[in-house]
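User: Could you walk me through how to read some features of a multi-chain model? I'd like the general idea each time, and then the case at hand.

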Amino acid sequence: MSTLHPAGPAAAAVAELWWAMLAGAALIFLFVMALLALAFRRGGDGRGAQSLWIIGLGLAFPLAVLAALLLWGLGLGERYLIPGRDDAPLVQAEARQWAWSFRYSGSSRAPTEGILLIPAGRPVDVEITSADVIHSFWVPRLAGKLDAIPGHTNVLRLQADTPGDYAGLSAEFSGPGYLGHRFTVRALEADDWEAFLAGGER
Amino acid sequence: MTDVARMFAPLLIWLALFSGVYGLHGVGCGLGWSTIEVATWTLHRTVLVTAWSTAAILQALVLAALTGPLRSPQPFVQGVTHTLAVAALVAVVWTLFPVVFASSCP
Amino acid sequence: MNALRRHRAFTQIWSPDRGWQRPFTTVNHSDLGRMFLLAAVFFFGVGGILAMLIRAQLATPRSAFMDAEIYNQIFTMHGTVMMFLFAIPLFEGLAVYLLPKLLGTRDLAFPRLTAYGFWCYVFGGTMLLLSLLAGVAPDSGWFMYPPLSSTIGSPGINPDFWLIGITFVEISAIAAAVEITVSILKFRAPGMSLDRMPIFAWYALVTALMILTGFPPLILGSILLELERAFDLPFFQADLGGDSLLWQHLFWLFGHPEVYIIFLPAAGVISTVLPVMARTTLLGYGWVVAAAVALGFLSFGLWVHHMFTTGIPHLGLAFFSAASTLVAVPTAVQIFAWIGTLWKGRPEMHLPMLWIMGFFATFVIGGLTGVMVAIVPFDWQAHDTYFIVAHLHYVLVGGFVFPMLAALYYWLPQLSGRKRFFKLGETAFWLVFVGFHGTFLALHWSGLLGQRRRIHTYDAGSGWEVINLISSIGAFVMAIGFALVVVDVVANMLLAVRGSRNPWNAGSLEWAMPTPPPAYNFASLPRVASRHPLSDDPRIAVRIARGEGYLATPRADRREVLAVEASSGEPEALVIYPRNTALPITMSAATGIFFLAFLFKLYWLAPLAVALVAALAWRWAWSLGDLRDRGPQDVGRGERLPLASERPGAPAWWGSVFLLIADATFFGSLLFGYAFLWTVAPGWPPPRYVEWTPLVPVLSLGGAVLASGGVRVAEARAGFGGTGIALVICALGQATLIALAAYLLAVAPEATGHAYGATVAVLAGYALLHAGLALLFTAHALARLRAGYISDRRRTEIRIARLWCDYAGLSSVIVAAAVLVPGLFA
């Protein structure tokens with residue numbers, strides 16, 4: 001269930017972003033610490049250069065870094081967080097205290113409990129709903145999370161690169177049974193997926 | 001008190017404009033504006049970009065007023081007011097520019 | 001009169017009562033500041049013990065130490081206690097103790113209000129503590145999301161303790177905020193213009209204004225959720241026109257400003273202490289003021305970043321992602337201004353400076369991870385994991401606790417008059433610092449590996465075992481460090497030798513008085529001509545004691561202070577303060593009875609409590625004022641000034657203005673919630689809307705005009721005839737507004753049937769309450785007129801009544817429109 005071992009394009013893009021942000025943050029941290037350390041070794045003369053400290057370091061430097069980061073993030077958001085753009089298969093995930101059940105619209109397939117089957121290698125849109133309190137649908141290795149809110153339907157785009165089982169977690173505190181409120185996402189080869197939709201075994 | 005009001009006004013106006021555009025975004029989704037086409041954009045995006053531009057112009061007018069006819073005679077107050085009025089203009093542009101490209105209501 | 005005689009006379013006038021009554025009748029800001037600080041430290045201990053229990057549970061996988069039910073109460077209370085009963089009150093204590101000294105005056109604007117706020121905090125905090133001891137503590141997380149925290153998720157009494165107890169404590173915060181705002185704006189040493197104010201005062205002003213506008217959304221949310229739980233008004237139930245997202249918006253509209261309310265005072269401490277440690281002045285004072293104000297405002301535009309995963313469209317999220325990155329800019333301005341100050345000065349590593357270094361090393365990391373989670377796709381992975389737990393502790397402990405410990409060691413000589421002797425402080429620092437990073441650094445990693453927040457245990461083999469064990473060990477090291485701080489401080493306060501008055505060679509006025517400080521702070525009020533009056537004139541303390549400032553002559557047993565013009569700091573009025581009294585604690589207890597009535601469902605008790613509070617408030621307001629005009633008073637240095645009650649803009653009037661700002665934010669949040677439910681909540685339209693009738697605009701506009709017109713005539717005619725009649729007309733206007741509210745309540749659809757009906761009921765109730773309040777103020781003004789307290793000069797009561805009449809009229813008109821509008825659209 002690690003976000004740092006991605007198995008889908010959305011999670012991979014976020015993991016890449018994370019490593020870049022970590023590197024940048026580490027550099028900035030070390031830079032600031034170095035400035036502090038140096039402050040103790042100098043003897044100041046009581047005159048401070050506002051244009052260097054305030055305008056240069058306080059304004060220009062953060063604005064530049066933040067602008068770049070924001071644009072990267074918004075671009076990723078447009079690319080990976082928007083569902084419903086093509087004819088991806090639609091599945092439904094309903095959360096309740098403390099289990100998940102999944103339906104497969106567009107097929108006569110019976111619902112599954114605790115395990116969501118999807119085709120591997122292509123995007124799937126998951127319609128997330130709740131029967132009682134707020135929960136959250138999260139498969140860390142594949143994509144970010146989206147909440148299950150009573151009265152609303154939120155749609156998450158999910159894609160697994162290769163067939164396999166991926167851990168799913170409910171990521172919104174929901175009472176005493178929260179710990180065990182988990183599920184599995186199983187990605188199937190194309191033929192297995194067709195067979196599954198037609199009513200076969202998983 | 002007027003000096004305090006001068007210093008606080010620009011960002012208070014930004015907050016009102018920001019909340020207004022965000023609210024407009026929600027109302028527009030509720031009224032189905034994202035399903036109506038206007039030239040290359042949806043009605044939703046057209047309205048929001050217009051609102052953003054208006055907000056930026058308003059904020060620029062606030063900056064002009066506070067550095068011109070409404071300026072304070074006290075240098076410290078005027079300096080801080082000027083800085084905050086510029087900051088508010090930057091904030092309007094920075095925090096609302098996604099209206100130009102980001103996806104909205106399903 | 002020599003300095004010693006003067007000291008004795010002023011001490012006699014300003015001292016709190018002796019003996020056991022002292023804490024219960026004191027209105028002295030040094031007393032109350034210390035009481036706030038002590039209570040806050042006590043609650044830090046409670047929160048800390050809860051944290052130790054959490055870490056003991058999470059040290060090993062599948063721990064059997066606590067089951068989920070208990071664990072849920074423990075972590076909920078850890079967050080609740082730390083955020084509401086430790087952090088805000090610690091700021092209140094520091095501000096209450098320090099501000100009058102920094103500003104060169106003798107007390108805060110409304111001394112009895114300080115005491116009232118303190119007791120509301122203590123009584124409310126006790127309620128929450130008792131719930132913990134009784135095993136029925138709130139257990140839905142410190143942010144209490146419905147439906148989990150509402151009737152379906154939590155049928156027991158647990159969330160009610162939170163909703164009611166915290167609202168009680170919030171009264172304390174609002175009271176303190178009104179007090180701090182008016183004090184900073186109106187009560188300073190003569191000549192202390194805005195640009196000569198100590199930087200901490202700027203931060204405190206911004207913080208206080210943020211409290212006034214940031215807390216009301218939570219107060220509203222708490223009231224709505226309690227109404228849902230107690231009376232089935234479905235504000236948050238999607239199948240009856242409500243929406244659980246409404247709670248999240250209201251909570252985070254409070255919650256995000258809350259964390260900046262916590263950070264800004266700490267930044268104020270750094271801006272004060274760091275330059276003194278570096279033996280120079282702050283670089284870029286004007287920039288830092290602008291940055292603090294910018295941070296305050298920008299923080300109100302971030303709240304949805306706590307809701308990035310709730311299904312809001314990407315464009316909506318993008319606004320808040322952009323704003324959340326922008327907020328790092330004013331933060332960076334301050335950080336680099338501080339580092340630039342160090343570079344221009346000659347810093348020395350005394351103990352306060354050590355804690356400030358700890359702040360830099362910790363808060364910068366917290367700020368950097370904050371920027372990371374401002375980026376939406378990353379937040380979709382990190383949200384609700386231990387990455388966020390780590391981030392929030394880095395910014396809160398690094399950004400608040402460490403600077404406050406610097407403040408503690410910096411101002412300890414001022415508070416105690418002693419020179420620090422025992423050197424446990426350095427050891428304590430390293431234990432806390434190393435322990436803190438040991439606890440939280442690796443939790444960033446376990447969060448990214450999938451460890452969710454609020455789980456009460458985890459499986460072996462998940463990959464987090466080592467991280468959690470190290471974290472728990474680190475927590476114990478940190479706890480030992482904090483305990484050592486307490487030992488160190490207590491030992492130094494009790495046993496160390498007397499020290500010099502200004503050991504740090506600081507330039508601000510709190511070091512220009514005897515230490516420990518006398519009850520009256522300054523024997524005479526100095527005129528200041530710069531930001532660092534003590535640096536300009538090292539002998540200023542002696543000159544103050546010798547009576548060379550204003551108000552040097554103790555007079556007729558009066559507690560006298562000067563009010564100044566807000567911008568220039570020029571003195572404009574003489575203010576007389578109240579004496580010691582048990583009224584605040586009594587009124588706080590009466591307020592408590594009101595809250596307990598709702599907690600234990602003894603609803604008949606509530607109106608009795610309200611009547612009691614109103615009676616006590618009447619008595620409170622009645623105790624000041626004069627039966628005849630006194631004219632200009634001698635204030636020393638050959639100058640004369642009018643009494644504040646004999647000119648416009650009295651402090652009490654400003655107090656009402658700022659309280660009404662908080663009230664208006666509450667109302668604005670209510671209107672926002674209404675609009676939100678109407679446009680976003682599923683399940684609309686309701687079965688029926690309130691129908692248009694001309695009666696509604698007639699009653700609302702008519703009542704508003706009568707009320708506002710009547711009170712204005714009364715104000716103009718004060719001291720001549722006709723004032724009484726005008727006030728009666730004003731009261732008729734309010735009666736009309738009360739009738740309007742009653743009508744709306746009568747024709748509203750069933751409040752339990754749909755959120756529209758529930759909202760109409762709350763809107764009408766709001767209008768009713770404010771018409772009632774305005775009526776109370778008007779009746780008070782009329783009674784004061786009859787008793788002879790009003791003249792053409794002494795019109796404050798009428799001016800205050802005018803504020804409340806105008807507000808009641810305006811809000812009633814808006815309520816009337818709001819109730820009718822959806823029906824007109826349909």
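User: Let's start with charged side chains. Which residue does C:Arg62 meet in a salt bridge?

Analyst: Keep in mind that this is a predicted model. The idea is to look for a side-chain nitrogen of Lys or Arg within 4 Å of a carboxyl oxygen of Asp or Glu. Here C:Arg62 meets C:Asp459, with N to O at 2.9 Å. The two sit in distant parts of the chain, 397 residues apart: C:Arg62 is in the loop between helix H3 (29-58) and helix H4 (68-103) of chain C, and C:Asp459 is in the loop between helix H15 (424-448) and helix H16 (465-495). C:Arg62 is exposed at 52% relative accessible area, while C:Asp459 is partly exposed at 30%.

User: How many salt bridges does the whole structure hold?

Analyst: The search over all chains finds 31. One of them pairs C:Arg229 with C:Asp160, with the closest N and O atoms 2.8 Å apart. C:Arg229 belongs to helix H7 (residues 199-231) and C:Asp160 to helix H6 (residues 158-186) of chain C, so this contact ties together parts 69 residues apart in sequence.

User: Are C:Arg229 and C:Asp160 buried or exposed?

Analyst: The cut-off to apply is that buried means under 20% relative accessible area. C:Arg229 has 9%, so this arginine is buried, and C:Asp160 is buried too, at 3%.

User: And what does A:Asp86 pair with?

Analyst: A:Asp86 forms a salt bridge with A:Arg157, and their closest N and O atoms are 3.0 Å apart. A:Arg157 lies in strand E8 (residues 154-158) of chain A, whereas A:Asp86 lies in the loop between helix H2 (50-80) and strand E1 (90-96), 71 residues apart. A:Arg157 is buried at 15%, but A:Asp86 is partly exposed at 43%. Salt bridges can also join up: C:Asp537, C:Arg543, C:Arg546 and C:Glu548 are linked in a network.

User: Now the cysteines. Which ones does a disulfide join?

Analyst: A disulfide is a covalent bond between the sulfur atoms of two cysteines. The structure holds one over all chains, and this disulfide joins B:Cys29 to B:Cys105 with S to S at 2.0 Å. B:Cys29 is in helix H1 (residues 2-30) of chain B and B:Cys105 is in the segment after helix H3 (75-96), so the bond ties together parts 76 residues apart in sequence. The torsion about the S-S bond is about -85°, so the disulfide is left-handed. B:Cys29 is partly exposed at 23%, while B:Cys105 is buried at 13%.

User: Finally, how should I read the interface of chain C and chain B? How much area is buried there?

Analyst: Start with extent, then ask which atoms and elements contribute. About 3,000 Å² is buried, and carbon and sulfur atoms give 85% of that. In chain C, the residues that lose the most area are C:Phe297, C:Leu315 and C:Phe319, together 25% of what that side buries. Contact involves 38 residues of chain C and 32 residues of chain B.

User: How many salt bridges and polar contacts are there between chain C and chain B?

Analyst: The salt-bridge count is zero, while five residue pairs are in polar contact. On the side of chain C, the elements giving two or more residues are H6, H7, helix H9 (285-298), helix H10 (314-326) and helix H21 (651-679). H10(C) provides the largest share, 10 residues.

Notes. Residues are numbered from 1 along each chain as its sequence is written. Chains are lettered from A and ligands numbered from 1 in the order in which they are written. This is a predicted model: local features need pLDDT of at least 70, side-chain atom pairs count only at pLDDT 80 or more; totals for chains, interfaces and linings use all residues. Side-chain values use heavy atoms; hydrogens and water are left out. Helices (H or I, at least four residues) and strands (E, at least two) are DSSP runs, numbered from the N terminus. Buried means under 20% relative accessible area, exposed over 50%, partly exposed in between (1.4 Å probe, protein chains only). A disulfide is a pair of cysteine sulfur atoms within 2.5 Å. Contact means heavy atoms within 4.5 Å. Buried area is the accessible area (1.4 Å probe) that two parts lose on being put together, summed over both. A polar contact is a pair of N or O atoms within 3.5 Å; within protein, one must be able to donate a hydrogen and the other to accept it, and residues adjacent in sequence count only if both atoms are side-chain atoms.
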